Amino acid sequence: MIIGIIGSGAMGAGIAQVVATAGHTVRLLDQNAAALQRAGQSIRTNLDKLAEKGKITSEAVDSIFAKLQLTAELHAFTDCELVIEAIVEDLSVKQQLFREVELVVSPDCILATNTSSLSIASIAAACQQPERFIGIHFFNPAPIMQLVEVIPAVQTRPGLAEEIRDLVQSWSKLPVLTKDTPGFIVNRVARPFYGEAIRILEEGIADMATIDWALTELGGFRMGPFTLMDFIGHDVNYRVTESVFTAFFYDPRFKPSFTQKRLFEAGYYGRKSGRGFYSYA
Ligand code: NAD
């Protein structure tokens with residue numbers, strides 16, 4: 001299968017690695033040439049590390065990497081059978097992108113979004129053929145995280161969700177079908193997880209390190225909420241919180257925090273920018 005991926009940031013690069021490793025031919029596109037180069041390098045580094053650990057052979061590294069084509073041109077997508085979008089979490093930008101994608105891909109090409117929080121129906125609505133549209137939501141880092149949410153929109157043709165579920169399973173992932181509701185399963189459950197952690201901090205009940213420690217050491221979480229928010233990036237995480245809050249008709253359970261909003265506004269996105277809740281300088 002030939003799979004096009006748009007957006008070569010944290011998610012797009014990870015998804016490209018997953019599907020190339022599964023044997024598909026991959027075209028990875030980004031409007032930012034530097035981001036595209038970084039993605040190529042990070043995929044190569046990840047594969048090399050797997051080879052060093054003996055998890056794959058060095059021949060496999062070469063053959064997986066050879067399946068990956070980096071491109072700045074949508075025209076490279078004409079023969080794609082599936083396109084997965086992982087660009088900025090902004091409805092109008094995603095809608096505009098899919099309008100352009102539909103002009104170049106074949107009528108049979110399946111279109112998918114990796115959105116964390118936007119309604120699949122609202123992105124599909126921008127398409128000429130919304131029945132071929134679906135959500136395929138990976139978690140970060142995509143090569144490591146097993147879970148993938150598969151989200152049909154109301155417009156999605158019957159049977160497509162099951163086809164995508166089986167395809168995702170063939171990538172050695174664990175797909176779960178979910179309805180098109182704000183945050184789907186994981187990001188909905190995660191909002192109060194982050195929100196309450198920030199409120200505990202704001203109310204002076206405990207400091208960040210203590211909250212993170214309690215949840216990892218005692219709660220069994222792999223990362224505490226502050227470490228995890230810094231890892232995801234406040235640009236992404238704050239936008240998702242705002243979007244879920246709005247989509248649930250301003251239900252106070254999902255209310256965003258000013259503490260995180262200020263980090264977002266300051267460009268303190270977390271690990272990727274060197275500073276978030278914690279400093280990574
Ligand atoms: P990111 O900022 O790391 O990467 C986004 C990339 O998209 C950038 O390289 C940017 O140059 C590119 N881009 C933006 N607009 C574009 C356009 N119009 N055409 C081509 N390229 C464009 O973001 P990310 O963390 O990879 O998130 C991408 C998507 O995946 C978002 O919808 C996000 O909500 C979702 N998501 C993120 C996570 C996460 O933990 N980071 C997890 C699951 C889903």
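The model is predicted: local features need pLDDT of at least 70, side-chain atom pairs count only at pLDDT 80 or more, and totals for chains, interfaces and linings use all residues. Residues are numbered from 1 along each chain as its sequence is written.

**Exercise 1.** Describe the shell around the ligand.

*Solution.* Step 1: 27 residues surround the ligand, and the closest are Gly-7, Gly-9, Met-11, Ala-35 and Asn-140. A residue is near a molecule or strand if its C-beta atom, placed from the backbone, lies within 6 Å of it.
Step 1: helix H1 (10-21), helix H4 (91-104) and H10 are the elements that give two or more residues to this shell. Helices (H or I, at least four residues) and strands (E, at least two) are DSSP runs, numbered from the N terminus.
Step 2: H1 gives the most, with three residues.
Step 3: by class, the shell has 14 nonpolar, eleven polar and two charged residues. Ala, Val, Leu, Ile, Met, Phe, Trp, Tyr, Cys and Pro count as nonpolar, Asp, Glu, Lys and Arg as charged, and the others, Gly among them, as polar.

**Exercise 2.** Describe how domain 1 and domain 2 are placed.

*Solution.* Step 1: the C-alpha centres of the two domains lie 26 Å apart.
Step 1: six residues from domain 1 and seven residues from domain 2 form the contact, where two residues are in contact if their C-beta atoms, placed from the backbone, lie within 7 Å.
Step 2: the side of domain 1 that touches domain 2 has one nonpolar, four polar and one charged residues.

**Exercise 3.** Classify the packing of H10 and H11.

*Solution.* Step 1: the axes of H10 (residues 234-247) and H11 (residues 258-266) come within 9 Å and cross at roughly 135 degrees. Axes are lines fitted to C-alpha atoms, for helices over the stretch in contact, and angles run from 0 to 180 degrees between N-to-C directions.
Step 1: H10 and H11 are therefore oblique to each other; angles under 35 degrees count as roughly parallel, over 145 as roughly antiparallel, 65 to 115 as roughly perpendicular and the rest as oblique.
Step 2: His-234, Asp-235 and Tyr-238 in H10 meet Gln-260, Lys-261, Leu-263 and Phe-264 in H11.

**Exercise 4.** Locate the cis peptide bond.

*Solution.* Step 1: the bond joins Asn-140 and Pro-141, with omega about -5 degrees.
Step 1: Pro-141 lies in the loop between strand E6 (133-137) and strand E7 (147-152).

How values were computed
Domain bounds come from an automatic or database domain assignment.
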